[in-house]
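Hi,

Here is the structure I promised to pass on. Please have a look, and then read on for what turned up in it.

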Amino acid sequence: MCTDIDRISELAKENPQRQFFSIAHLITTGELYVAFQCLRREASAGIDGVTYEEYEKNAEGNILKLHQRLKDGKYQCQPLRRVYIPKENGKQRPISIPALEDKIVQKAVVELLNAIYEQDFLDCSYGFRPKRGQHQALDEVGRVLCTQPTGWILELDITTYFDSIVREQLIEMIKKRVSDGSVLRLIWKWIKVGVIEEGRFLTSETGTGQGQPISPLLANIYLHYILDEWFEKVVKPRLQGKAHEIRFADDAILCFQRKEDAQKVLKVLPKRFAKYGLTLHPEKIAAKLVDVLVDERSARETCPVGPVAISGGGAGDQTVESPDVKVLVDAVKTVSAPTGGRTNRQVVARANRSKAPKSVPLTRIGV
């Protein structure tokens, strides 16, 4: 049975230039209830303190009232609750927790927008997408580095990505596909709502509020136009050799056959990202331009599922232990995602224990 959401997907796929000007009516009470059921029961409450269990006691009545406020234009999102979680480097990562009803509406809107943008997003993108995740990203890195002529790898490290997105430019990108004023107003409310931190109300001029259900999709839309589509349609036709991109949310690696192509892209990338308010970490991006030449016969025999390792030093014939780990841990950093409670590093380690070769002979490693 074809649903309205399915029809939206069909229309988006048929015409990549189509603008959707009337889709807000598809945010029904049924869609809101499904969105509520998809939320994590144990998730932290937002600024209003309402938990899943409390809301569930009268879920149908609460959702009917929420839907009515949406229809009447009286829906108001609440400020986010700011908390900090530890990062691997010892620093703190800010996370913004929305109120439960804001999560419900955002989840429903994500489902609606995914019907459109899943037809647009390229195969190189793996983060926070339906039926895609770390495993597929790891497999693709392995496939490219083991089966494609890859001599140089460039890793992209975007400084405070979610907090740096230029909202006006993001909205203009969304308008290429979605011109429904009701949906655009909802998105604008969410990305500029502000946060409560230690009793203070704080606002910012940029960013999407990392931690909101809508944020990963908006982040993917932003990088789809800034990086994925640009690299595929503008950059690759101008290169002398082959090139590949693998991106997981805001982490990406670019693989090149030829050194001059990698250097050319390395030179233009900071300018490209600066145009959209983003900054690439200068030390990290420079350090990731690494020469990796693999003996083709050895790669075919010993690297059927995973990529070779990369290193910044040494020369001559060498062997690198556990080839998947270094490349993939660097390329796909630890990100919270539905992986059975495991971090990316645990996923990578498990994959390597089960199927990665012990070593790969390299003809040369060095810059």
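To begin with, the second largest pocket holds about 330 Å³ of space. A pocket here is an open set of points on a 1 Å grid over the protein atoms alone where a 1.4 Å probe fits, with protein on both sides within 12 Å along at least five of seven lines; lining residues have an atom within 4 Å of a point. Of its 15 lining residues, Ala24, Leu70, Lys71, Ser182 and Leu186 lie nearest the centre. Helix H4 (59-72) and helix H9 (181-191) are the elements that each give two or more residues to this lining.

A word on the source: this is a predicted model, where local features need pLDDT of at least 70 and side-chain atom pairs count only at pLDDT 80 or more, while totals for chains, interfaces and linings use all residues. Residues are numbered from 1 along each chain as its sequence is written, and side-chain values use heavy atoms, leaving out hydrogens and water.

Finally, helix H5 (residues 100-117) reaches 25 Å from first to last C-alpha. It is largely enclosed by the rest of the structure, because 16 of its 18 residues are buried (under 20% relative accessible area, 1.4 Å probe, protein chains only).

Best wishes

Terms used. Helix = DSSP H or I, 4+ residues; strand = E, 2+ residues; numbered from the N terminus. Expected span 1.5 Å × (residues − 1). Buried < 20%, exposed > 50% of the residue type's maximum accessible area, 1.4 Å probe, protein only. Points joined across faces, edges and corners; volume = space filled by probe spheres on them.
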